[in-house]
Amino acid sequence: MRFYPLSIAFLIIGVLFLSQCGKAPPTPPSYVVEVSPPQPAFSKQRSPENKELKGLSINRSLLIPPGRHGRWKTRRLQPRYITIHSTQNTARSANAAMHATALFHGRLKGRSNSLGYLTWHYTVDQRSIYQHLPDTEQGQHADYEGPGNRSSIGIEMCENQGSNRQQTIDHTARLTAKLCNKYRIPTSRVVPHQHWTRIRYRDGKKLGNKNCPHFLLDHGKPGAKWSQFLKLVDSYR
Ligand SMILES: [Zn+2]
């Protein structure tokens, strides 16, 4: 019982020692470390993640579990392109969190691809960004076994009913800029899904090029709307 007040006294002396920054501070006892608040290495505003995202954060709480579902087998990816998609799911509930939950539980099957699941890296909506796969693992979102999946990070934009499309596009441009800066990808290598020609894995059938993301294409091809999107990406780089 007598040791208790004594240890409190030591604690206070220890804190006083540290706060006065003596020339040769004694090695702090472990209990002093516990009472010191952790110091961040840099402020949030200056971190690289926030430069382009401007306060938006990436939610990684629902990453597909390693070794399971769409990550039961993995192939390394060195990101050289960014592929932009839109979900074409207009259900009111089809926001980024819903897609993240579906991928997390392995609910999106890819019966015609080599993985058995559909996977991609990020889903963006008017409020949030969810990450599903590490940037360094290949997804199954663009062109089966083609160069799109082998070389690009896939980003899906939500188009759920009632959502703010301009906001979603803006968040997507910010995320794209961040990834381009991080992996030194030129904006010319930010491409719509339409860029990649699809040859179905299951039967080798040529499926052509998909009109995706349809609301950023003109008659199924990159035009004025796509150029405007790339300008927005550039403005955040
Ligand atoms: Zn697509």
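One definition before we start: a residue is called buried if 20 or more other C-beta atoms lie within 10 Å of its own, exposed if 12 or fewer, and partly exposed in between. Keep in mind, too, that this is a predicted model.

**Stop 1: D170**

Select D170, which sits in helix α6, residues 165-183. D170 and V233 are 63 residues apart in sequence, yet their C-alpha atoms are 8.5 Å apart in space.

**Stop 2: the two helices**

Show all of α6 together with helix α7, residues 224-235. Their axes come within 8 Å and cross at roughly 55°. That angle makes α6 oblique to α7. Which residues make the contact between α6 and α7? On the α6 side, pick I169, A173, T176 and A177; on the α7 side, pick F229, L232 and V233. As for handedness, α6 passes α7 in a right-handed crossing.

**Stop 3: the whole chain**

Zoom out for a moment. The chain has 7 helices and 10 strands. Of its 237 residues, 31% are buried. Take the contacts with a separation of 6 or more: 67% of them are between residues 24 or more positions apart.

Colour by confidence while you're out here. The mean pLDDT of the chain is 87, with 79% of residues at 70 or more. Two stretches to look at with caution are residues 6-25, where the pLDDT is below 50 and the model has 14 contacts beyond near neighbours in sequence, and residues 28-37, also below 50, with 11 such contacts.

**Stop 4: the sheet**

Next, bring up the open sheet of 6 strands. Going across, the order is β1-β6-β5-β7-β2-β8, and the pairing is mixed. The edges are β1 (58-59) and β8 (190-192), each of which pairs on one side only.

For a landmark, select V124, whose bridge partner in β7 is M157.

**Stop 5: strand β2**

Move along to β2, residues 81-86. Is β2 enclosed or open to the outside? 6 of its 6 residues are buried, so β2 is largely enclosed by the rest of the structure.

Now check the neighbours of β2. On to β7 first: 6 bridges join it to β2, and the two run parallel. Click on H85 and you'll find E156 of β7 standing opposite. Then turn to β8, which pairs with β2 in the parallel sense over 3 bridges. Here the landmark is T83, with V191 as its bridge partner in β8.

**Stop 6**

Head for the loop between β10 (206-208) and α7, where you'll find G223. G223 has 12 C-beta neighbours inside 10 Å, so it counts as exposed. Leaving out residues up to four places away in sequence, G223 touches L217 and D218.

P213 is in this loop between β10 and α7 as well. Display the backbone there: the peptide bond joining C212 and P213 is cis, with omega about 0°.

**Stop 7: two positive phi angles**

Our last stop takes in a pair of backbone details. Select H69, in the loop between β1 and β2. H69 isn't a glycine, but its phi is positive, at about 45°. It has 18 other C-beta atoms within 10 Å and so is partly exposed.

Then jump to Y144, in the loop between β6 (129-131) and α5 (147-151). Y144 is another residue other than glycine with a positive phi, near 55°. Is Y144 buried or exposed? With 20 C-beta neighbours inside 10 Å, Y144 counts as buried.

Definitions and conventions
Residues numbered from 1 in each chain as written. Predicted model: local features only at pLDDT ≥ 70, side-chain atom pairs only at ≥ 80, totals over all residues. Helix = DSSP H or I, 4+ residues; strand = E, 2+ residues; numbered from the N terminus. Pairing = 2+ DSSP bridges. pLDDT = per-residue confidence, 0-100. Contact = placed C-beta atoms within 7 Å. Axes fitted to C-alpha atoms, helices over the stretch in contact; angles between N-to-C directions. Parallel < 35°, antiparallel > 145°, perpendicular 65-115°, else oblique. Left-handed = near helix turned anticlockwise from the far one by under 90°.
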